[in-house]
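Have a look at the picture, then try each task before reading its solution.

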Amino acid sequence: MVGNVIERIGNAERKYVEEMLASDFSNSRNPGMLGRFEKAFAEKIGVKYAIAHVNGTATLHSALFAAGVRAGDEVITTPLTMSSPALSILQADAVPVFADVVEDTLQIDPASIERSITPHTKAIMPIALYGLSPDMDAIMALAKKHNLVVIEDAAETFLSKYKGRMVGSIGHLSSFSLQATKHITAGEGGVVCTDSPEMADRVRKFSVLGYSTVSATVGKITKDDIQNPDFERHVQLGYNYRMPEICAAIALGQLEHAEELVQRRIDAANLFIEAIGECAWLLPQVTPGDCVNSYWALAVRLVHPTLAWADFRKKFMELGGDGVYAAWKLSYQEPMFREATRNFAGKEKILEATHEGGIPVYPDGLCPVAERVQKQVLAFKTNYWDWSRAEKQADILKHTIQYFS
Ligand SMILES: Cc1ncc(COP(=O)(O)O)c(C=O)c1O
């Protein structure tokens with residue numbers, strides 16, 4: 001019996017926010033939420049460094065910089081995702097190269113990554129889509145062979161496992177999101193993780209305005225430095241991506257009951273998988289036996305010969321279902337990629353000057369498996385804090401399947 005109602009925002013979050021507010025945001029009475037959160041997050045993931053950011057897109061930008069990605073370099077990622085990975089690669093003046101996916105897991109396909117590697121490839125950005133890790137052993141082996149940096153985009157997962165290892169601790173760098181729909185949230189937020197002190201230092205400087213005295217474990221400049229007229233602050237170009245302390249307070253509280261929040265999503269996903277049962281035309285994302293999927297959402301492929309996605313969703317909702325999300329449009333099929341010369345916000349000039357192939361073009365048919373499965377995906381919500389609602393939704397799902405069977 002899974003039972004009960006759990007609180008998404010618990011007492012710890014309220015206590016830490018109170019502490020923050022009581023400090024009046026004064027520097028001298030600051031309770032140091034950022035540092036406390038970063039330390040606790042690093043421990044939870046099992047990495048040496050965690051650097052908190054404003055969101056899980058800024059994190060990717062910082063990670064790309066720390067990975068040494070520069071103008072005209074190529075970075076391989078998947079097109080089957082919300083498009084922050086592709087956008088961040090462009091923000092870093094680099095070229096997104098799209099590898100295809102594996103049909104049943106929906107994850108980036110290592111064989112397709114290998115085919116996409118060129119002398120200009122600098123990094124691989126695999127994504128733990130819907131909460132499941134990609135095949136990281138194969139990806140790390142390719143990275144080693146071709147001297148590439150791996151940035152795990154773990155925005156859609158938390159505390160999931162790949163062959164016993166924590167997702168987000170396997171690549172050279174990883175990136176998490178704490179946006180409102182994610183496993184743990186601060187309303188908005190993100191974290192970069194790494195074991196490398198050099199990379200951590202680069203992430204910090206890039207994300208805190210290139211300040212000279214911030215480092216892997218130091219997120220702020222001191223009062224003595226700030227007040228010194230001779231203090232030389234900016235040693236490099238940086239962005240202002242630091243997570244606000246008030247968000248760090250909420251996030252610190254979330255970490256204290258993260259296991260419960262994650263387990264609820266796993267339980268809800270399993271309940272829906274049970275409701276789908278032997279249905280031959282609804283195929284849940286396959287989780288390999290050596291992985292733990294944290295199920296940010298339950299992705300299911302609709303492979304019915306005649307039933308359309310929209311009709312399934314309509315009936316599900318008519319029967320009381322909460323609705324289902326489609327997969328995002330493939331990144332390279334978004335309008336900005338179709339008209340790259342106009343819609344890259346000036347980056348097209350940089351790519352023209354620095355990328356050997358000039359401005360990339362992304363024709364239909366580039367990733368045939370991703371193009372096929374993108375049209376099939378139904379993603380069911382798993383964030384049911386009230387278990388009786390999850391049970392009701394599972395029941396409605398069963399009735400929807402019966403209606404069309
Ligand atoms: C795979 C992936 N990467 C990155 C992001 C970006 O995170 P954020 O919204 O915190 O910028 C998201 C979702 O929001 C995502 O799903």
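**Exercise 1: the open sheet**

Work out how the open sheet with the order 10-12-14-13 is put together.

Solution. Four strands make up this open sheet, in the order 10-12-14-13, and the pairing is antiparallel. Strands are DSSP E runs of at least two residues, numbered from the N terminus, and two of them pair if DSSP finds at least two bridges between them. Next, the edges: strand 10 (282–284) and strand 13 (325–326) each pair on one side only. Now zoom in on strand 12 (residues 297–302) and strand 14 (residues 377–381), which pair in the antiparallel sense over five bridges. Here V300 sits opposite L378 in strand 14.

A note on the source: this is a predicted model, where local features need pLDDT of at least 70 and side-chain atom pairs count only at pLDDT 80 or more, while totals for chains, interfaces and linings use all residues. Residues are numbered from 1 along each chain as its sequence is written.

**Exercise 2: K182**

Find K182 and decide: is K182 buried or exposed?

Solution. Start in the loop between strand 8 (173–177) and strand 9 (190–194), where K182 lies. K182 is buried because 22 other C-beta atoms lie within 10 Å; the cut-off for buried is 20 or more, with C-beta atoms placed from the backbone. Finally, UniProt's unreviewed entry puts the feature "active site" at K182; such annotations may be inferred rather than shown by experiment.

Technical notes
A residue is buried if 20 or more other C-beta atoms lie within 10 Å of its own, exposed if 12 or fewer, and partly exposed in between; C-beta atoms are placed from the backbone.
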